[in-house]
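User: Hi! I am new to reading protein structures. Could you help me see where the terms come from?

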Amino acid sequence: MTVRGSYHHVHILSRDPDAAAAWYARALGGEVGKRTEHKGGINVQVKLGESNFFIRGLRPGESAEPPSGRAAFGVHHLGVWVDDIEATIRQFTAAGGELLDPVAIGMTGNLVAFVRGPEGVVFEFLQPPGK
């Protein structure tokens with residue numbers, strides 16, 4: 001058994017999935033898609049490029065607390081390709097996001113920058129060199 005292709009989707013847990021979905025669409029140039037209810041929780045699709053992000057609210061009986069620092073065990077960040085890293089950072093921070101690490105050359109030779117959005121979700125923006 002092997003994984004084929006790239007990942008299918010990412011789920012982000014949020015206190016307010018509608019507001020978070022609208023924020024990500026605005027901050028990252030995406031599009032809000034379907035809004036559904038599943039197992040008692042709201043789920044809102046955000047299409048970012050070819051990626052599907054689903055912003056989900058808590059389900060009955062669930063609770064969650066945001067991480068207190070930048071590092072936590074489990075998923076650390078989501079890496080996404082961008083066509084203009086400086087413009088993407090400006091758009092993201094203008095929407096209220098936080099720049100954590102400015103543009104630098106990453107370990108793969110790409111330009112990279114780290115940012116934090118609502119509820120502590122960290123993204124790495126990547127731009128191929130020479131673009």
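Predicted model: local features only at pLDDT ≥ 70, side-chain atom pairs only at ≥ 80, totals over all residues.

User: Why is S14 called buried?

Analyst: Buried means under 20% relative accessible area, with a 1.4 Å probe and protein chains only. S14 has 4% relative accessibility, so it counts as buried. You will find S14 in the loop between β1 (10-13) and α1.

User: What makes the link between the side chains of S14 and E119 a polar contact?

Analyst: A polar contact is a pair of N or O atoms within 3.5 Å, where one must be able to donate a hydrogen and the other to accept it; residues adjacent in sequence count only if both atoms are side-chain atoms. The side chains of S14 and E119 are joined at 2.8 Å. The side chain of S14 also reaches the backbone nitrogen of D16, at 3.1 Å.

User: Which residues of α1 and α2 meet?

Analyst: W23, R26, A27 and L28 in α1 meet T88, Q91 and F92 in α2, where contact means heavy atoms within 4.5 Å. The residues of this contact divide into four nonpolar, two polar and one charged.

Technical notes
Residues numbered from 1 in each chain as written. Heavy atoms only, no water. Helix = DSSP H or I, 4+ residues; strand = E, 2+ residues; numbered from the N terminus. Nonpolar A, V, L, I, M, F, W, Y, C, P; charged D, E, K, R; others polar. Buried < 20%, exposed > 50% of the residue type's maximum accessible area, 1.4 Å probe, protein only.
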